[in-house]
Amino acid sequence: MNILKDFLTLENFITILNDKNEIVLSKELVTRVENSFSFLLDYSKNKVIYGVNTGFGPMAQYRIQEEECIQLQYNLIRSHASGIGTPLSVAQVRAAILARLNTLSLGYSGVNLTVITLMKELLDRHITPLIFAHGSVGASGDLVQLAHLALVLIGEGEVFYKGERRDTKEVFELEGLQPIEIRIREGISLMNGTSVMTGIGILNWQNANRLLDWSIKMSCAINELVSAYDDHYSVELNQAKKHKGQQYIAKAMRDTLVSSKMARKRAEHLYTGENQESIFKDKVQEYYSIRCVPQILGPVYDTIQEVKKVLENEINSANDNPIVDMETKQVYHGGNFHGDYVSLEMDKLKLVMTRLTMLSERQLNYLLNAKINELLPPFVNLGKLGFNFGMQGVQFTATSTTAECQTLSTSMYVHSIPNNNDNQDIVSMGTNAAVLCDKVIENSFEVLSIQMITLAQAIDALNCKDNLSLPTQEWYKEVRNIIPTFAEDVVMYPYLQKVKDYLKQ
């Protein structure tokens with residue numbers, strides 16, 4: 001049972017999305033929503049309140065007659081259900097619905113309870129509104145995308161249901177569901193908010209954590225393969241620099257490599273006084289992509305932690321306009337729907353995911369270039385050199401995909417374009433930032449899948465699996481269940497997808 005009550009952590013959020021048990025609305029939540037609605041219903045009489053008896057945006061100067069106020073909400077929803085392009089994924093839309101449900105449940109929005117209960121039913125019954133990726137500028141919230149959600153809630157539009165794209169009306173009839181009641185301002189309350197960018201952002205945060213975990217594991221594996229010295233991830237070196245992320249990564253590497261028989265201690269090899277040669281045979285220090293992992297992935301960790309704080313604050317905030325405050329018994333107008341907080345964090349997350357991908361690509365290149373590693377056959381080719389190709393072909397995919405990440409990392413946060421008759425004269429582009437961040441993350445999984453297969457081939461080339469750390473041995477065995485060791489050339493794309501799916505589990 002998943003009970004929605006008060007503060008929702010990101011971990012709780014993910015659990016609710018993935019849990020097959022139904023969502024339960026607590027008594028406290030229901031009371032908040034009902035009290036907020038009842039107050040606004042009474043308070044709004046004989047007062048000018050935006051979105052209740054006025055037009056919207058630059059049309060707010062026009063009074064709406066009482067007999068037209070309900071139709072106004074329907075007009076808003078239908079006119080703004082104007083997205084286009086690729087539909088958001090089922091997971092992204094479900095995350096957006098849960099984010100919207102949670103913020104409207106805080107009691108600041110004045111919606112009636114049918115709005116909350118029907119969104120709950122969509123999640124419980126896996127009815128997913130059709131929402132397009134293109135449409136939001138992230139200023140009055142995700143107006144266009146949330147209009148598509150609102151369109152389904154009034155019984156119109158389309159949904160994905162049991163793997164098919166179908167008319168909402170048909171699915172509601174099959175499931176015995178009734179559309180929401182619009183009583184005051186349910187249309188604008190649904191649409192004015194940051195829930196789409198935030199929902200996508202939470203999924204991005206979850207996947208970024210996965211990528212970081214894998215990047216640490218693969219960085220440890222390459223350290224083992226080249227028998228790197230262990231002082232670059234030592235306590236002493238990393239505590240000399242005060243960043244928590246760097247210290248976290250270094251500790252994670254120590255915890256992973258403690259059981260490795262291949263990591264070397266510098267004191268045992270270079271501090272004995274026996275090294276008198278003019279040119280040292282072994283590398284005194286490794287390349288940066290091997291030696292500087294704590295310093296490179298440390299900022300990635302720190303950024304992911306900050307993203308979590310911002311997204312957690314956002315899903316537990318009222319982000320529509322105006323705000324109904326039950327404590328002071330007033331209605332306050334402002335701009336809580338503005339998506340700058342989420343937009344900036346998505347740009348930051350996108351940057352560090354691109355950086356993580358760049359590290360993966362450089363480590364991959366190190367493994368493939370025999371002149372650099374002086375350890376492995378060219379392209380980790382386990383077949384006949386010149387006749388077979390090893391991992392040569394997939395490097396092109398890794399390089400081009402990394403380059404795309406670099407291009408996509410241009411900031412959306414600073415790309416404001418005024419619109420809406422210049423009413424929205426500075427906008428966040430937060431949903432675009434979240435969608436592009438998702439694309440970078442998908443790319444990152446693809447590059448890391450190529451790196452993982454290459455590492456597995458390198459382990460076989462060196463015949464060293466029994467000397468590896470236990471965590472490296474564990475994922476090596478799992479990858480070998482997906483793709484066997486190969487010397488002859490094989491068609492790689494099915495294996496790349498399978499390993500990518502494994503990394504995303």
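This is a predicted model: local features need pLDDT of at least 70, side-chain atom pairs count only at pLDDT 80 or more; totals for chains, interfaces and linings use all residues.
**Overall build**

The protein chain holds 20 helices and nine strands. Its C-alpha trace spans about 95 × 45 × 45 Å along the principal axes. Of the 505 residues, 54% are buried. Among contacts with a separation of 6 or more, 77% join residues 24 or more positions apart.

Two packed helices are described by the angle between their axes and the distance between the axes. Helix H14 (293-315) takes part in both pairs below.

| Pair | Axes come within | Crossing angle | Handedness |
|---|---|---|---|
| H14 and H15 (340-368) | 9 Å | roughly 155° | left-handed |
| H11 (244-257) and H14 | 7 Å | roughly 120° | right-handed |

Take H14 and H15. Their axes cross at roughly 155°, and angles over 145 degrees count as roughly antiparallel. The two helices are therefore roughly antiparallel to each other. On the H14 side, the contact includes Val293, Ile296, Leu297, Val300, Ile304, Val307, Val310 and Leu311. Among the H15 residues they meet are Val342, Met346, Leu349, Val352, Met353, Leu356 and Leu359. Charged side chains also take part, including Glu306 and Glu314 of H14 and Lys348 and Arg355 of H15. By class, the contact residues divide into 17 nonpolar, two polar and five charged.

Now H11 against H14. The axes come within 7 Å and cross at roughly 120°. That makes H11 oblique to H14. H11 contributes Lys244, Gly245, Gln246, Tyr248, Ile249, Ala250 and Met253. H14 contributes Val293, Pro294, Gln295, Leu297, Gly298, Tyr301 and Asp302. These residues divide into eight nonpolar, four polar and two charged.

Val293 and Leu297 of H14 are listed in the contact with H15. Val293 and Leu297 are also listed in the contact with H11.

**Helix H7: one face in, one face out**

H7 runs over residues 168-175, and its buried residues are Thr168, Val171 and Phe172. Seen down the helix axis, these buried residues fall within an arc of 100°, so they line one face of H7. An α-helix has 3.6 residues a turn, so residues three or four places apart point the same way. On the other side of H7, Lys169, Glu173 and Leu174 are exposed.

What covers the buried residues? The cover includes helices H5 (113-124) and H6 (143-153). It also includes strands E4 (127-129), E6 (158-161) and E7 (164-167). Just after H7, Gly176 takes a positive phi of about 70°.

**Backbone exceptions**

Most residues other than glycine have a negative phi, and most peptide bonds are trans.

Asn46 has a positive phi, near 65°. This residue sits in the loop between helix H2 (27-43) and helix H3 (69-80). Is Asn46 buried or exposed? Its relative accessibility is 84%, so Asn46 counts as exposed.

Val380 also has a positive phi, of about 45°. Its loop lies between helix H16 (370-373) and helix H17 (392-408). Val380 is buried, with a relative accessible area of 0%.

Asn321 and Pro322 are joined in cis, with omega about -5°. Pro322 lies in the loop between H14 and strand E8 (323-325).

Conventions: Residues are numbered from 1 along each chain as its sequence is written. Side-chain values use heavy atoms; hydrogens and water are left out. Buried means under 20% relative accessible area, exposed over 50%, partly exposed in between (1.4 Å probe, protein chains only). Helices (H or I, at least four residues) and strands (E, at least two) are DSSP runs, numbered from the N terminus. The arc is that of the directions from the helix axis to the C-beta atoms. Contact means heavy atoms within 4.5 Å. Axes are lines fitted to C-alpha atoms, for helices over the stretch in contact, and angles run from 0 to 180 degrees between N-to-C directions. Angles under 35 degrees count as roughly parallel, over 145 as roughly antiparallel, 65 to 115 as roughly perpendicular and the rest as oblique. A crossing is left-handed if the near helix is turned anticlockwise from the far one by less than a right angle, and right-handed if clockwise.
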